[in-house]
Amino acid sequence: MKNYIIKCTGIFLLLGHLMGHGQTRESLDELSSAYAKTSFPMLRELLNIPNDAFYPTAIEDNVQWCEKAFQKRGFSNTRISTSTAPLLLAERKHPGAQQTVLVYLQVDGQPVDSTRWFQESPYIPVLKKPLPDGSWEALPWDDIANYEDNWRVFARSASDAKGPIAMFLTALDAAANSDIVPNYNLKVIMDFEEELGSPQLPRAVKEHSDLLKADMLIIFDGPRHITNKPTLTFGARGISTITLTTYGPVVPQHSGHFGNYAPNPALRLSKLLASMKDDVGRVIIPGFYDGVSIDPATASILKAVPDDEAQIKDRLQIKTADSVGRYYQEAIQYPSLNIRGMQSGWIDEKVRTIIPGWARAELDVRLVLETDPNRLINLVKEHVASEGYLVLDREPTKEERLAHDKIATFTHEISYQSFRTSFDSPVGIWLRSALTKAFGESPIMIRMSGGSIPISPFVTTLDIPAVTVPTVNRDNNQHSPNENLRLGNYREGIKTMLAILGEELN
Ligand SMILES: [Zn+2]
């Protein structure tokens, strides 16, 4: 027990009687509040840098910003070059540390359509406060000094995921200025192509596994549970995609001249897709769900998540959910087969009276640990063949068109596999303890999130367990115009990360 004097830009806080490694709920609250305020210029500066990974020069600006930010905080940087954007590894050792924690941060952001943002630019952050009618009022940036928790900063990547980067840097500053030294070493891996699906990551992790070697991985990304309570997520589904095309006449034909005569590819594709699922949304291709079973212990974990299904349905405006699982958490423990887009001919103002030449569906298959992605993809492919199709991985030739009634082009890509970490793993126990101390109650523990993050290369190649620590508000419009970050979440995110930095790892 001792007293600490904590200095932060002119404010001196005297915090008495800190426990153990120097952290109490009260001290974490005071530190995170004070340091959140001093960090806003840094948050603003970071959000000011365009970060669409389609533009390599913009990405280079982000890489350099991160290099400076971590160097300033005592880290040594290594650029891991790839054929496109580099990955950045920042490393800091601490005295007496036995273990190493690898932290994953995402720096790039989704593309922007500036015309749909209610502000000058998605890269010029705007402070806004909510009005009673649900609209937002823009405030002068300097008002942020006296922010309220429900005010928000609107900018691309405010939540996904530069906000968490600023939180982490701020937590490092708060820790450094108040003698909180992690009892583990830190490695921070920064990904600049996450929104492109991290195409270089699996190979880079394989080639640099020595450099990235760690005992566990934590990921500062994603939104908390919809209740906005502290959350830990122990897994995520993987993702693969299929492109499926069916064919009609070689070029579109007049529907008057050839209707009733030339077969329609859109109808064929519709029937083919419809043959894959029943009326309650379950895949009926035999074997698709093989290997996944929810035992009573798992069911109790899933049911402990405080989902309000009526609220979810109300938000989605759907009457009845698909019946793959009996409730939301159970549904996302299974692989999914989803039509993410379809195209044939033209619609709306471009509609015309034709029989289209082709029809295409883009599918995504979300993966779980129990299901081998190649097996799932092959099941779908074999199903297409079993419906009488000649299945090709390219466009058909004239000879093939003349010789076969039904032809489909089927191509696929497996992006990355799922990961899942046990609640009782050392990383799970450690993080749960840190968050429980910080917030006075156990966090919401989610077995697996439905969406995908490119973490499996770390988990499988480095053979380490991974847990996601989400911090941002769920209604943040990520990937859409008017992305935002709730400032209460920003402050609590700093507090969460500070608690983790101070939590002893045994
Ligand atoms: Zn994203």
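Reader: Which residues is Gln119 in contact with, leaving aside its neighbours within four places in sequence?

Author: Contact here means heavy atoms within 4.5 Å. On that reading, and setting aside neighbours within four places in sequence, Gln119 touches Ile124, Pro125, Val126, Lys128, Phe154 and Ala155. Before you go on: this is a predicted model, where local features need pLDDT of at least 70, side-chain atom pairs count only at pLDDT 80 or more, and totals for chains, interfaces and linings use all residues. Residues are numbered from 1 along each chain as its sequence is written, and side-chain values use heavy atoms, with hydrogens and water left out.

Reader: Where does Gln119 lie, and is Gln119 buried or exposed?

Author: Helices (H or I, at least four residues) and strands (E, at least two) are DSSP runs, numbered from the N terminus. Gln119 sits in the loop between strand 5 (100-106) and strand 6 (126-130). For exposure, buried means under 20% relative accessible area, exposed over 50%, and partly exposed in between (1.4 Å probe, protein chains only). Gln119 comes out at 11% relative accessibility, so it counts as buried. A polar atom of its side chain is 3.1 Å from the backbone oxygen of Phe154.

Reader: On to charges. How many salt bridges does the structure hold?

Author: A salt bridge is a side-chain nitrogen of Lys or Arg within 4 Å of a carboxyl oxygen of Asp or Glu. The structure has 16 salt bridges. One of them pairs Asp173 with Arg73, with the closest N and O atoms 2.8 Å apart. That pair links distant parts of the chain, 100 residues apart: Asp173 is in helix 3 (residues 162-176), and Arg73 is in the loop between helix 2 (56-72) and strand 3 (76-80). Asp173 is partly exposed at 24% relative accessibility, while Arg73 is buried at 12%.

Reader: What about Glu330 and Arg326?

Author: Their side chains meet in a salt bridge at 2.5 Å, N to O. Glu330 has 3% relative accessibility, so it counts as buried; Arg326, with a relative accessible area of 67%, is exposed.

Reader: Which parts does the salt bridge between Lys437 and Glu503 tie together?

Author: The N to O distance in that bridge is 3.1 Å. Lys437 belongs to helix 13 (residues 426-439) and Glu503 to the segment after helix 15 (487-502), so the bridge ties together parts that are 66 residues apart in sequence. Glu503 is buried, its relative accessible area being 9%.

Reader: Which residues do salt bridges that share partners join into one network?

Author: Glu60, Glu67 and Arg79 are joined that way.

Key. Polar contact = N/O pair within 3.5 Å; in protein donor to acceptor, adjacent residues only side chain to side chain.
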